[in-house]
Amino acid sequence: MQSAIKNVTVIGGGLMGSGIAQVSAQAGQNVILVDLSSDVLAKSQKSIGANLGRVAKKVYKDKPQEGEKFVAESMARIKTSTDPAEAAKSADLVVEAIVENMNVKHKLFSQLDAVAPNHTIFASNTSSLSINEICSVVKRKDRFGGLHFFNPVPVMRLLEVVRGAETSDATYKTMMEWGKAVGKTCITCKDTPGFVVNRLLVPYICEAIRLYERGDASARDIDTAMKLGAGYPMGPLELADYVGLDTNKFILDGWHKKYPDQPLFNPIPLLDKLVAEGKLGVKAGEGFYKYDKK
Ligand SMILES: CCCCCCCCCCCCCC(=O)CC(=O)SCCNC(=O)CCNC(=O)[C@H](O)C(C)(C)COP(=O)(O)OP(=O)(O)OC[C@H]1O[C@@H](n2cnc3c(N)ncnc32)[C@H](O)[C@@H]1OP(=O)(O)O
Ligand SMILES: NC(=O)C1=CN([C@@H]2O[C@H](COP(=O)(O)OP(=O)(O)OC[C@H]3O[C@@H](n4cnc5c(N)ncnc54)[C@H](O)[C@@H]3O)[C@@H](O)[C@H]2O)C=CC1
């Protein structure tokens, strides 16, 4: 699938941004990966190299030299920068994957809107914030939308393409084509809380935590039940640990504040307690389960 987008600037070099940069470079696009921290960028480049190696091993299993070429060429397409405004100047598409905080996203997009070329499309990878609210600070509302990837980006095949109230047909079409070009199956959704996947995942994970909190079943049995009984690759508590319990709590608290009458979004005392104790899941070495610290 051809895409009109050749130059992509990915802002935020953390977990999601590095994955988005990887799949874009793999698809032959020129990428600038931006973070405020050069240490983060160095770490991202290392993990992208390792993950490209995993892809090469699979795709070029009988042709190791071609695999090495694929990794080297993909890596060469990724430049890094600590200056978002400078990096946006050459972009056809900017994908934002910075912290999940409306004020910080507003500050970034206002800055970018002033310097990016007229044709540049802006997209946010937000998990839980409103696309219409994020784009309220830019003039180019017709060239703004949501591109919601899933973790781990190189493995998960879905991309949710979110149309804001003012996203133009041309922008929507370009985002869909770009999603296909980077190897994803795209679905379209409106700008509603959690889009499709998280709107279903949040209540599912919350109910699993409440089930465990009540002592109805052990964590292991809840996860085994959903893996073997429903065919999910991870159980809900494993997934909550994988995503990060602080992220889970942040999303839940935000939605509870916005939709106080929705009981599915009510706070969960056990989740609050684990987060207060620093038991944030895989990244902290403990959440619902214990992990070897990386
Ligand atoms: C708690 C209260 C309420 C709030 C709840 C809120 C929850 C939802 C909100 C979350 C907020 C943010 C999240 C979001 O917006 C959207 C998401 O991303 S939700 C998460 C979606 N992801 C999943 O559901 C993951 C499900 N798990 C899996 O698919 C697999 O378990 C996984 C692929 C992660 C690992 O597979 P596994 O077999 O267990 O391990 P392997 O290590 O063997 O990997 C399998 C296969 O994949 C390759 N691989 C793995 N990682 C990478 C990588 N980064 N890059 C490249 N390749 C990778 C690996 O090499 C293996 O390949 P083989 O060929 O099979 O060897
Ligand atoms: N973690 C997940 O499973 C998923 C997260 N998301 C969304 O993607 C976004 C990023 O999430 P993660 O990658 O998990 O976060 P992360 O914390 O791993 O990475 C965020 C990065 O953004 C950088 N940053 C912060 N402000 C910046 C700025 N103004 N300019 C440039 N860089 C800046 C930080 O230094 C950090 O490295 C969030 O909006 C999140 O909701 C979407 C899908 C899945």
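In this predicted model, Lys283 touches Gly244, Asp246 and Thr247, leaving aside residues up to four places away in sequence. With Asp246 there is also a polar contact, made between the two side chains at 3.0 Å. Lys283 lies in the segment after helix H12 (269-276).

Lys283 is among the positions, together with Gly13 and Glu100, to which an unreviewed UniProt entry gives the feature "binding site". These positions span 272 residues in sequence, and their farthest two C-alpha atoms are 24.0 Å apart, so they do not all gather at one spot. From this set, Glu100 belongs to the lining of the second largest pocket.

Two of the recorded positions can be set side by side.

| Residue | Relative accessible area | State |
|---|---|---|
| Gly13 | 2% | buried |
| Lys283 | 53% | exposed |

Gly13 counts as buried because its relative accessible area of 2% is under the cut-off of 20%. Its place is in the loop between S1 and helix H1 (15-26), and its contacts, not counting residues up to four places away in sequence, are Ser18, Leu33, Val34, Asp35, Val40 and Ser44.

Strand S1 (residues 7-11) runs parallel to S4, to which 4 bridges join it, and Val10 stands opposite Val95 in S4. Within S4 (residues 93-96), Leu93 and Val95 point one way while Val94 and Glu96 point the other way, and all are buried. S4 also pairs in the parallel sense with strand S5 (residues 121-124) over 4 bridges, where Glu96 has Ser124 as its bridge partner. Together with helix H5 (residues 102-115), S4 and S5 make a right-handed β-α-β unit.

Terms used
Residues are numbered from 1 along each chain as its sequence is written. Chains are lettered from A and ligands numbered from 1 in the order in which they are written. This is a predicted model: local features need pLDDT of at least 70, side-chain atom pairs count only at pLDDT 80 or more; totals for chains, interfaces and linings use all residues. Side-chain values use heavy atoms; hydrogens and water are left out. Buried means under 20% relative accessible area, exposed over 50%, partly exposed in between (1.4 Å probe, protein chains only). Helices (H or I, at least four residues) and strands (E, at least two) are DSSP runs, numbered from the N terminus. Two strands pair if DSSP finds at least two bridges between them. A crossover is right-handed if, with the strands pointing away from the viewer, the path from the first strand over the helix to the second runs clockwise. UniProt positions are given in the numbering used here, feature names are shortened, and annotations may be inferred rather than shown by experiment. On a 1 Å grid over the protein atoms alone, a cavity is a set of points where a 1.4 Å probe fits but cannot get out, and a pocket is an open set with protein on both sides within 12 Å along at least five of seven lines; lining residues have an atom within 4 Å of a point. Contact means heavy atoms within 4.5 Å. A polar contact is a pair of N or O atoms within 3.5 Å; within protein, one must be able to donate a hydrogen and the other to accept it, and residues adjacent in sequence count only if both atoms are side-chain atoms.
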